[in-house]
Amino acid sequence: MTPSPAIIPLLALPALVAGLVYFLRPWERTPQIVAFLAAVTAAYLVRSAAPGLSGDLMGRPLVLDGPARQLLLIALAAVALGNLALAIYPIGGFFPSVSLLSASLVGVVASIDNLTLASLFLLINGVMLALAWGTRGRARGHLQFLVAVTVGCLALAYAASLMDAAPDEPSRMGLIAFEIGAGLLLALMPFGFWEGMLGRDADPLTTSTANLTFKATVLVLVWRFSAHYPWLAATSAFPQLLRVAVLITVAYCSLRTAVAPSARAYAAVATQAQFTLALLTLIPALGSSSLLPVTGLWLLARVPTSLFLATAALALQQSRRLLPRLLFVFAGLALAGLPGTPVFPAYLASLLSLPRSNDLLLPLGLLTAGLVVGALRLLWHGGEQEMPDPPALSGALTAAVVLALIVLALGLQPSRLLLYLS
Amino acid sequence: MVPPLLDNLARFALSISAQVVVLAVLSVGVAVVAAQSEPILVLAILASYFATAVLVASLAAPEMAFAVVLIGIFVALMMQFTAVERRQLRRGWAHLAMPRPFRVLIVLVVLWLAWSLNLFARPLDASRVASVWLAASAAAALTTSTDPFKVGTALLMVLAASLLYYATSTSEASLFVLAVIAIACFAVSLAASHLALLPPPSRPDDA
């Protein structure tokens, strides 16, 4: 029988390797490969850990319960696949170190009992992410992200401290702070313009961490708020507001996807819209003691799909030959839920299991329409082209092909996703 | 037993009147909205953390006040190094700044809002005035600037206001919470420095 690791070493392992990876930067591709291996090892250890692993951090209880464990596994999958893609298509920067550090912080945020501290650790995580992304001469998106993360996390921490004073009684100021914080961090309209701007100013492969791990952590934190303070789901208008915000955000992002000026911008707003749809699986779980199984499946299925779209967008921006075009179209369709891709079972399970599944049909239709129109526009009319760079092109293409194969493999055997999370 | 250094610091902090702290905080708020000069912004960071420490010393443990002073010094030093590096690299954002009269107008509007919310009503609650005024002036600075250095300064002031709140107003007052906010302060100053050293855009609509 494999001995179960303790929670603190388990959460600290990626951060410790991140320190080592930082000093491996002079060797090209080595940091990415080491980060990939570290994330795979950490995921193996998390899967072999006993359920409900607990401990304490400076006297504060830490519990790696079901949702926390699933979130950590999703974050480690995103770190592993992101670094694998970057090992093939290396972009300089601190991404390998910061992504590993981010996985450790996601683990702390998900498992710490105190929501004020969880929000503050989330703030550190978000701010560190801004250091990992390269820029294309403009950093307005980075700056907007920095402001959104700082103000949003402090608003959530403030809300938690107000609500803790009387957990069973509604707090008006606490509710306002919570809604502003959640809106800013989940990139919901009218607070979510930072994500499209970030997609314009940085490469989509590294900024996908904001969408795949950071926002998934916020989703779990929002659910924890509703579980700690039951009035939030029972008596406040928060679930209705969330539903309206999801619809508006998906409609706005779908329109932006349809008229995106470049493949890079297309990838950013398309993944933003697709994440927003996942919030519909959160609404029935608000106030209950566990998340729906479909939420974890949805968040995991979008990891390879979003990274595939990001690499396909990079390849298309550098060349307009047939293979990049085909890969880009396939990536867009995979995000829309083409059968045989990992997102399809998540959509199907949501439609079959959600109490108000009709609520999903309209935004899903909008997303699909935006994705298809935008992809066709970019293929026929072209978009912003980057300087051709043959070695980089082959790297982006290879990374896109590898991720396409992973997407196909997982799409044809979706039980592997469930097995990974179980 | 309180060590002599902390004891002396606590005595010094208690000797400063609340009115002086409120005046210092008001000046810091005006400076962060109206000023473009990097040395003034660094001084504003330092002053906001010192004012926070004085208020923490009078309302909570001196150890916490000492921690706030240390956080302020280190964060201001990081921003000062960034300012020097920017001057050497000639990374000027002045051509993208809003006109000074407009920034002064924003200060007046924020002051009027604070006045209408009875923030300065007697008896003066210095910690409430400081936390609300620091957060409000930082919000005004965030809406009127695209310079990463100034945005970083404003975010650090928001964090100073939250340090004051968590050290004095909630059941969460502990060195652990303060330590986590301190790490957040260092992370924000690191990220702001990183972005502030990038070349500025040539046109205002690119900023």
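Me: A residue is buried if 20 or more other C-beta atoms, placed from the backbone, lie within 10 Å of its own, exposed if 12 or fewer, and partly exposed in between. Is A:P204 buried or exposed?

Reply: This is a predicted model, where local features need pLDDT of at least 70 and side-chain atom pairs count only at pLDDT 80 or more, while totals for chains, interfaces and linings use all residues. Residues are numbered from 1 along each chain as its sequence is written, with chains lettered from A and ligands numbered from 1 in the order in which they are written. A:P204 has 27 C-beta neighbours inside 10 Å, so A:P204 counts as buried.

Me: Which helix holds A:P204?

Reply: Helices are DSSP runs of H or I with at least four residues, strands are runs of E with at least two, and both are numbered from the N terminus. A:P204 belongs to the chain A helix that spans residues 204-228, namely α9.

Me: Which residue is joined to A:P190 by a cis peptide bond?

Reply: A:P190 sits in the chain A loop between α7 (172-185) and α8 (193-201). Omega is about 5° for the cis bond. The partner of A:P190 in that bond is A:M189.

Me: Why does A:M58 count as exposed?

Reply: A:M58 is in the loop between β1 (53-57) and β2 (60-64) of chain A. Phi there is positive, about 50°, although A:M58 is not a glycine. A:M58 counts as exposed because its C-beta neighbours inside 10 Å number 10.

Me: How many C-beta neighbours inside 10 Å does A:R29 have?

Reply: A:R29 also has a positive phi, near 70°, and is not glycine. The loop between α1 (7-22) and α2 (30-48) of chain A holds A:R29. A:R29 counts as partly exposed because its neighbour count is 15.

Me: Which element gives the most to the side of chain A that touches chain B?

Reply: 23 residues of chain A are in contact with 26 residues of chain B. On chain A, α5 (115-129) and α6 (140-165) each supply at least two residues of that side. The most, 9 residues, comes from α6(A).

Me: How many residues on the side of chain A that touches chain B are nonpolar?

Reply: Ala, Val, Leu, Ile, Met, Phe, Trp, Tyr, Cys and Pro count as nonpolar, Asp, Glu, Lys and Arg as charged, and the others, Gly among them, as polar. That side has 3 charged and 5 polar residues, and its nonpolar residues number 15.

Methods
Contact = placed C-beta atoms within 7 Å.
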